[in-house]
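Reader: I am new to this structure and would like to learn how to read its features one at a time. Could you take me through them slowly?

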Amino acid sequence: MGECWSDIKGGQQAVGGEVVGSGLHQYNPNTTMKIGDDHGTATSEAVAHFYRSHGAYALFTQLELSLSASKLRDRDILSKSDPMAIGYVKKYNGTLEEIGRTEVVMNSLNPVWIGKFMIAYHFETIQPLLFRVYDIDTKYHKLPVKSLKLEEQEYLGEASCFLSEIVTKHNKSLTLNLQRIDGHGVTIDRGSISVHAEEAISSRQAFEMIFRCTQLKSTDLFSKSDPFLRISKIVEGGNIIPICKTEAVKNDLNPTWKPVCLTTQQFENKDNPLLVECFDFDSSGNHALIGKLQKSVADLEILYQEKVGVNFLKPSSVRHDHMKTLKGQLYVDGFREKMIYSFLDYISSGFELNFMVAVDFTASNRNPRLPDSLHYVDPSGRLNAYQQAIFEVGEVIQFYDSDKKFPAWGFGGRIDGVVSHCFNLNGSPSESEVLG
């Protein structure tokens, strides 16, 4: 894995061996570069450029939305309504794109739908959602919900929100008024709809381990080896897929590495075999194999409990089909199960993000009365560069700050004829925060 890094120091560091805990995943590099998802959320060219310039792709968390409603208006004469809900994402140009339909719940004014909506949550974008509820006519009950023509159904009402409003709630649930506008333009409440978000991950379980080796054989002539471990999973067909590596420990034949953490999503089952290889780090990327062994996570736990080591093996130089047992041993000095907490776990538990801004008022921004100045106030209402940047960042961050108050300062501007390098943008002599 060392050859993946661009410098020696980077190649010696651990990778994949600790839980980042963000719960965010990368786009496939082969997909189209777009901030948002296939359901048409708003794009951000600034964010897209940042990711592209760093050779990275936008991060997202896959969410599952569950819906329920209460006190729906009954539209049937001889029975209760048969409601179905539809979810939409409002695209950047204002159009709606459907993300899913629930099943039809028969004769219920308080339906709890089983059908879920899948959506990719992007922290860095605004994702407006719209939910509409229809009463489905009895004669269409045997048709698949995807084939139903909505103009032939009884419209009950709708509700809208931002995805950020849901995930920032402590229980990741949000209740909205279901409304519709009557023929006179008056908004009428038609009950309520509740939306609950759940991360679509297979497991939060992980295992943190501390590895140590003894009596490793040096592969260097004039110094000791710089050993590191690489752990790989063995998949169907015998293919080897690396999942993490430790840092390299310099000049040490009895190294102890920093803890590594493997998630169950990486190895799938505690009894699945893992290949543990020990290499001598080389800055050229040609790392020399010191030894290897095959153990499952369950086996590694037993090594920890029994406080025993296991010998490394290495292909024999005489017989290629024979493995030579080495003196070097692997020990597990620490083994504990832990839970992975995601970005959404922190947000829904009350973790907040604070946005602070400072605006440059120095002469380098040119005369604010001229259109080429970053401070130019366009009579048409078009935002200047500073306003646009503050608006785009603040619009995202505001959902993660409960009081919606943001400190805002200026520097390099004249206040009552005196140049100041720190003043409050709201004009107050003592309070720097602005609302919204």
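This is a predicted model: local features need pLDDT of at least 70, side-chain atom pairs count only at pLDDT 80 or more; totals for chains, interfaces and linings use all residues.

Reader: Which residues have the most contacts inside the largest nonpolar core?

Author: The general idea comes before the case: in soluble globular proteins, nonpolar side chains tend to be buried together. Here the largest nonpolar core has 42 residues, and those with the most contacts inside it are Leu65, Leu129, Phe131 and Ile193. Strand S2 (residues 59-70) supplies the largest share of this core, four residues, while at least three residues come from each of domain 1 (61-199) and domain 3 (352-435). Apart from this core lies another, of 33 residues, which includes Phe228, Val249, Phe279 and Leu303.

Reader: What does Ile193 touch, once its neighbours within four places in sequence are left aside?

Author: Ile193 is in contact with a list of residues that includes Leu67, Trp113, Phe131, Val133, Ala159 and Leu176.

Reader: How many disulfides does a search of the whole structure find?

Author: The search finds zero disulfides. To read such a result, one compares sulfur distances with the cut-off, which is 2.5 Å for a pair of cysteine sulfur atoms. Take Cys278, whose closest cysteine sulfur is that of Cys213: the two are 4.9 Å apart, so they are too far for a bond. Cys278 is also buried, with a relative accessible area of 0%, and Cys161 is buried as well, at 6%.

Reader: Is the pair of Phe228 and Phe279 stacked or edge-to-face?

Author: Phe228 and Phe279 are stacked, at 5.6 Å centre to centre and 25° between the planes, and both are buried.

Reader: Where does the charged end of Arg212 sit?

Author: The charged end of Arg212 sits over the ring of Tyr331, 4.4 Å from its centre. Arg132, in turn, lies over the face of Tyr88, at 5.5 Å from the ring centre.

Conventions
Residues are numbered from 1 along each chain as its sequence is written. Side-chain values use heavy atoms; hydrogens and water are left out. Buried means under 20% relative accessible area, exposed over 50%, partly exposed in between (1.4 Å probe, protein chains only). A nonpolar core is a set of buried Ala, Val, Leu, Ile, Met, Phe, Trp, Tyr and Cys residues joined through side-chain atoms within 4.5 Å. Helices (H or I, at least four residues) and strands (E, at least two) are DSSP runs, numbered from the N terminus. Domain bounds come from an automatic or database domain assignment. Contact means heavy atoms within 4.5 Å. Rings of Phe, Tyr and Trp (its six-membered ring) pair if their centres lie within 6.5 Å; planes under 30 degrees apart count as stacked, over 60 as edge-to-face and the rest as tilted. A charge sits over a ring if NZ of Lys or CZ of Arg is within 6 Å of the ring centre and within 35 degrees of the ring normal.
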